[in-house]
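Subject: Structure handover

Hello,

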Amino acid sequence: MDLHRLAEERSVAYHRAIAEKLRHQPEVLEKARRRVQEWMASDVSTIAAFLVERSELADELRQSTPFAGALDPRERWRIWRETRDRFSEQP
């Protein structure tokens, strides 16, 4: 099983769920906008240092999206399992 491809498929599935949520909860977009504004307000040297930092948080955030937190844990795990199962069935 190609774990990188699985991660990509899971990311698409997460964002598909977020897109659906946006249709019914437009405040999700406002939360993402605030997060991006916070990122943009950061000091350049702080961002540069963080880009190469070797920490669990930096590892996680390098994979992040401004929509982080838009899906509750149950939704994320359901998507994770469905994506893994669908992906493992492929040749």
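Ground rules first. This is a predicted model, in which local features need pLDDT of at least 70, side-chain atom pairs count only at pLDDT 80 or more, and totals for chains, interfaces and linings use all residues. Residues are numbered from 1 along each chain as its sequence is written, and side-chain values use heavy atoms, with hydrogens and water left out.

Overall fold

The protein chain has five helices and zero strands. Its order from the N terminus is α-α-α-α-α. Both element types are DSSP runs, numbered from the N terminus: helices are H or I with at least four residues, strands are E with at least two.

The radius of gyration is 15 Å, while a compact globule of 91 residues would have one near 12 Å. That radius is taken over C-alpha atoms, and the globule rule is 2.2 Å times the number of residues to the power 0.38. Along the principal axes, the C-alpha atoms fill a box of roughly 45 × 35 × 20 Å.

Surface and contacts

Of the 91 residues, 18% count as buried. Buried means under 20% relative accessible area, exposed means over 50%, and partly exposed is in between (1.4 Å probe, protein chains only). The chain exposes about 7,200 Å², and carbon and sulfur atoms supply 55% of that. These areas come from the Shrake-Rupley method with a 1.4 Å probe; for residues, only the protein chains shown count as cover.

Take the contacts with a separation of 6 or more: 78% of them join residues 24 or more positions apart. Contact means heavy atoms within 4.5 Å.

The charge count is 17 positive and 17 negative side chains, with the centres of the two sets 3 Å apart. Lys and Arg count as positive, Asp and Glu as negative; His and the chain ends are not counted. Each charge is placed at NZ of Lys, CZ of Arg, CG of Asp or CD of Glu.

In soluble globular proteins, nonpolar side chains tend to be buried together. Here the largest nonpolar core has nine residues: Ala-13, Ala-17, Ile-18, Val-28, Ala-32, Phe-67, Ala-70, Leu-71 and Ile-79. The largest share, three residues, comes from α1. A nonpolar core is a set of buried Ala, Val, Leu, Ile, Met, Phe, Trp, Tyr and Cys residues joined through side-chain atoms within 4.5 Å.

Ile-79 touches Arg-10, Ala-13, Tyr-14, Ala-17 and Leu-71, not counting residues up to four places away in sequence.

Single residues

Lys-21 is found in helix α1. Lys-21 counts as buried because its relative accessible area is 16%. Beyond its neighbours within four places in sequence, Lys-21 is in contact with Val-28, Ala-70, Leu-71 and Glu-75.

Glu-75 sits in helix α5. With neighbours within four places left aside, Glu-75 contacts Lys-21 and Ala-70. Val-36 is 39 residues from Glu-75 along the chain, and their C-alpha atoms are separated by 23 Å.

Arg-86 also lies in helix α5 (residues 73-88). Its relative accessibility is 39%, so Arg-86 counts as partly exposed. Arg-86 and Leu-6 are 80 residues apart in sequence, yet 9.5 Å apart in space, C-alpha to C-alpha.

Val-52 is in helix α3 (residues 44-52). Val-52 counts as exposed because its relative accessibility is 63%. Its C-alpha atom is 9.6 Å from that of Arg-62, ten residues apart along the chain.

Best regards
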